[in-house]
Amino acid sequence: MVEATRKAFVTGHPIKHSRSPKIHGYWLAKHGIDGSYEAIDVAPANFAGFVKTLQANGYSGGNITIPHKEAAFALADNRDQAAQDIGAVNTLWFEDGILWGGNTDAHGFAANLDDHAPGWASNGPAVVLGAGGASRAVIHALKQRGVDDIRIVNRTLARAMELRDRFGAGVSAHGMAATGELLADAGLLVNTTALGMHGNEGLSADPALLPDHAVVTDIVYVPLETPLLAAARARNLKAVDGLGMLLHQAVPGFERWFGIRPQVTAELRALIVADLVPKP
Ligand code: ATR
């Protein structure tokens with residue numbers, strides 16, 4: 001029997017800047033798999049229809065990005081624990097004809113720190129900047145890994161308070177004014193806001209205020225070296241960029257669709273780094 005080509009996708013709106021096809025394309029080629037992974041732009045009005053016809057169109061599953069993660073959560077027949085806790089789905093796959101929705105962002109976040117800052121989860125209190133969807137994934141990962149003092153700092157305090165109520169024990173909510181005090185004994189600082197992206201020079205927390213053993217990470221990866229990471233390195237702190245989170249979040253999806261658990265290698269990272277350089 002000849003096995004059919006396995007097909008996966010990433011969808012968002014817009015989607016043309018997604019690096020996911022490069023990541024999965026690299027792994028497909030590396031493992032010699034007869035499969036495809038394509039970027040498909042789907043407008044919000046067409047998203048439900050797109051999901052309902054996935055199986056008929058021969059897809060094994062795919063990735064979901066902005067603005068469809070909450071809609072994918074609602075449309076999945078079943079959801080894994082991470083998706084339930086985060087309230088968003090970034091990975092879809094079929095099991096016995098049932099559409100499953102998962103969230104691999106928390107895994108990506110933790111695996112990136114495991115690679116570049118081993119021991120990060122037992123380094124002390126964590127300060128998380130931002131209270132949006134990305135922050136939910138980070139807080140889920142921190143809780144999973146046993147961080148028991150998680151301090152959410154957000155411009156809009158009410159959103160931080162919503163997340164505190166959602167995630168419960170060990171999570172506190174703060175306005176920006178408290179940042180300095182919260183950093184003084186923190187072991188981890190995570191930026192989940194778009195500040196620092198594309199040359200946006202904002203710096204809402206000063207790594208100079210952290211203790212010497214602190215780790216600083218940014219989930220933004222364009223640019224790779226954000227102003228926050230640069231400030232952390234200038235202060236001689238361990239600084240971890242956000243690209244590894246993107247690479248690691250892709251691993252579980254690839255395994256589900258194509259049956260092999262791929263590796264995040266230096267070669268893959270270099271391939272994507274080359275793609276981040278602005279084209280003239
Ligand atoms: P995502 O899903 O990527 O996390 P989001 O839900 O839009 O995106 O959340 C963006 C986060 O960045 C929020 O915490 C937002 O703060 P508010 O809740 O106060 O809006 C934060 N953010 C965006 N721009 C900001 C800015 N200029 N200064 C401070 N925080 C900012």
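Tutor: Residues are numbered from 1 along each chain as its sequence is written, and side-chain values use heavy atoms, without hydrogens and water. In this predicted model, local features need pLDDT of at least 70 and side-chain atom pairs count only at pLDDT 80 or more, while totals for chains, interfaces and linings use all residues.

Student: Why is α5 called oblique to α10?

Tutor: Helix α5 (residues 105-116) and helix α10 (residues 243-258) pack at about 125 degrees, with axes 7 Å apart. Angles under 35 degrees count as roughly parallel, over 145 as roughly antiparallel, 65 to 115 as roughly perpendicular and the rest as oblique. That makes α5 oblique to α10. Axes are lines fitted to C-alpha atoms, over the stretch in contact for helices, and angles run from 0 to 180 degrees between N-to-C directions.

Student: What makes residues of α5 and α10 a contact?

Tutor: Contact means heavy atoms within 4.5 Å. Residues of α5 in the contact include His107, Phe109 and Asp115, and those of α10 include Met245, His248 and Pro252. By class, the contact of α5 with α10 has four nonpolar, six polar and two charged residues. Ala, Val, Leu, Ile, Met, Phe, Trp, Tyr, Cys and Pro count as nonpolar, Asp, Glu, Lys and Arg as charged, and the others, Gly among them, as polar.

Student: Why are α10 and α11 oblique to each other?

Tutor: α10 and helix α11 (residues 266-276) pack at an angle of about 125 degrees, with axes 11 Å apart. They are therefore oblique. Leu243, Gly244 and Leu247 of α10 meet Leu268, Arg269, Ile272, Val273 and Leu276 of α11. That contact divides into six nonpolar, one polar and one charged.

Student: What makes phi of aspartate 96 stand out?

Tutor: Phi of aspartate 96 is near 50 degrees, a positive value in a residue other than glycine. Most residues other than glycine have a negative phi. Aspartate 96 lies in the loop between β5 and β6 (98-102).

Note on methods
Helices (H or I, at least four residues) and strands (E, at least two) are DSSP runs, numbered from the N terminus.
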